[in-house]
Amino acid sequence: MNVFLYCAICFVVLALCLLIRLIKGPSVADRAVAADSIDILSDMALILYALYSGRGIYLDIALITAVLGFVGSTLVAKYLEGKL
Amino acid sequence: MIYVIYVFIGISLFFAFAGVVGLLRMPDAFCRMQSSTNISTLGVLGVIIGGILYSAIFLHNAEMAIKLAVMGIFYIVTSPISGHAIAKGAYRHGVKMSRKTVCDQYGEDMEK
Amino acid sequence: MKKATVPAIVSTALVCFIFWLLITGQVASLLRGEPSAQVLIAGVIVSLAAALFSARFFIHEKPFFFANPARLGKLIAYCFCIFPIELIKANVDVARRALSPSLPVNPGIVKVPVEVKGEYAQAMLADSITLTPGTITMETVEEDGQDYYYIHWIDVASQDGAEAGEAIKGTLEKWVRRIWE
C-alpha cells in the first residue's frame, strides 16, 4: 500500500517542521515539549512503515522509543523542578 | 473497508498538523503544551486504530494488532503524566507566561 | 510508607503478568493453542519479583477493587463511551483555535474545588483533565478538608472556582465519582 508510505513521509515532514521550535525555543520547557512531539511523530512514521512493509519488527522499535521518550521528558521535568 | 482505514489515518494527519501549527504559533510555553496534547491523543489514536484494523483484516497478523493496542494504551496512560510533570516543572523553574494571560491564581497563592 | 500486603503484591503481579503476555506476543500463541511453557514460567517469576519491590508504590487502598463486575462495567463504559466524546470535542476546539488566523486564546491558571475523595479517584480525574487538550492540571492541594486543583486553561471563560469547574470537568467528575463510590 503506497498510501501508507506517503502518509509516513507527511509525518516525517511535520516532525522536521518542529525542529524550528527545537532550535528557536526561548526556554528549556519549549525544547522539551518539541522533542517529545518529534518522538511521537517519528513513532507514527515507524508504525506506518511497519504496515507498509508488513513486518512487525518496526513496531518493537516504536514501542522502545515511546518508553524512552516518556522517561526522558519526565527526567527533564524533574530537573526543571530542581529535585535532581 | 480500506477506505475506513484511510479515513482514520487522515484524521490523525489533520490533528497532527493542527498540533504542529499550534506548537509553532502559540504565544507561551504552557499554551504550546496544550497543542502538543493534540498530537499525543487523537494524532496517535487515529494511526493506532487504523493500524489495528489493517493488520487484523488485511495482513491476518494478530501479533502486530496486539502490539499496536499495547502501544495505544501506553501512550494514553503516560502522556498526561509527562505533560503534568513538565507543566509544573516549567512553572517552578520560572518560565514566563505571555502578556495575554488573564489570571494566575497559582502564582498569587504561592506568594502568600 | 507502609509495608505492602500479600493481596497488593498479588494484584500488582497479575497486572505485570498480563503486560508480559501482551508484549512478548504470547497472546497470539495462546489463541493458536500452542503456548510456550518457558516464556510463561519466566513471566511468572519476573512479574512476582517486580511486584515484590514495587507494590508499595502502587497499591495503598483496596487491591482488588475492580474484581466487581458492575464497577468494571462502569469503568469500561467510561473509557470507551463517555471519555472519547469529551476528548474529540476538546480536540476539535483546540485545533480550531490553533488554525484560525487571529489565534483566539486567553490563557490563565484557575483554582477549582474538587468533590471526589480518595487517591485513585483524584489521580484518575486529574489525568482525565490533563488528557483533554486545552486543560492541564498543575498541582493538587488540600485546604481545610476541601481539595483544590490548579488548572491551566487555554480559554478562561470564568475566574470563579465553581463555574470554571463546571465548565472544565462537569461530566467527567460525575462519572469518576460514580465509578469510585
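This is a predicted model: local features need pLDDT of at least 70, side-chain atom pairs count only at pLDDT 80 or more; totals for chains, interfaces and linings use all residues.

Visitor: What percentage of the residues in chain A is buried?
Guide: A residue is called buried if 20 or more other C-beta atoms lie within 10 Å of its own. The C-alpha trace of chain A spans about 50 × 25 × 10 Å along its principal axes. Of the 84 residues in chain A, the buried share is 42%.

Visitor: Which element gives the most residues to the side of chain A that touches chain B?
Guide: In this contact, 37 residues of chain A meet 39 residues of chain B, and the elements of chain A that give two or more residues are α1 (2-24), α2 (28-53) and α3 (57-81). By class, this side of chain A has 25 nonpolar, seven polar and five charged residues. With 13 residues, the element that gives the most is α2(A).

Visitor: Which element gives the most residues to the side of chain B that touches chain C?
Guide: Here the contact takes 32 residues from chain B and 34 residues from chain C. On the side of chain B, the elements that give two or more residues are α1 (2-25), α2, α3 (62-93) and α4 (105-111), and by class that side has 16 nonpolar, 11 polar and five charged residues. The element that gives the most, with 11 residues, is α3(B).

Visitor: How many of the 29 residues of α2(B) are buried?
Guide: Helix α2 of chain B runs over residues 29-57 and reaches 42 Å from its first C-alpha to its last, close to the 42 Å expected at 1.5 Å a residue. This helix is mostly covered, and the number of its residues that are buried is 25.

Visitor: Is His60(B) buried or exposed?
Guide: His60(B) is found in the loop between α2 and α3 of chain B, and its phi is near 55 degrees, a positive value in a residue other than glycine. Most residues other than glycine have a negative phi. Because His60(B) has 9 other C-beta atoms within 10 Å, and 12 or fewer is the cut-off, His60(B) is exposed.

Visitor: How many other C-beta atoms lie within 10 Å in the case of Asp144(C)?
Guide: Asp144(C) is found in the loop between β2 (135-143) and β3 (146-153) of chain C, and it has a positive phi of about 50 degrees although it is not a glycine. Asp144(C) is exposed, and the number of other C-beta atoms within 10 Å is 4.

Visitor: Which element gives the most to the largest nonpolar core?
Guide: The largest nonpolar core has 86 residues, and those with the most contacts inside it include Phe11(A), Leu41(A) and Ile151(C). Not counting residues up to four places away in sequence, Leu41(A) touches Phe11(A), Leu14(A), Ala15(A), Ala16(B) and Ile39(B).

How values were computed. Residues are numbered from 1 along each chain as its sequence is written. Chains are lettered from A and ligands numbered from 1 in the order in which they are written. Two residues are in contact if their C-beta atoms, placed from the backbone, lie within 7 Å. Helices (H or I, at least four residues) and strands (E, at least two) are DSSP runs, numbered from the N terminus. Ala, Val, Leu, Ile, Met, Phe, Trp, Tyr, Cys and Pro count as nonpolar, Asp, Glu, Lys and Arg as charged, and the others, Gly among them, as polar. The expected span of a helix is 1.5 Å times one less than its number of residues. A nonpolar core is a set of buried Ala, Val, Leu, Ile, Met, Phe, Trp, Tyr and Cys residues joined through C-beta atoms within 7 Å.
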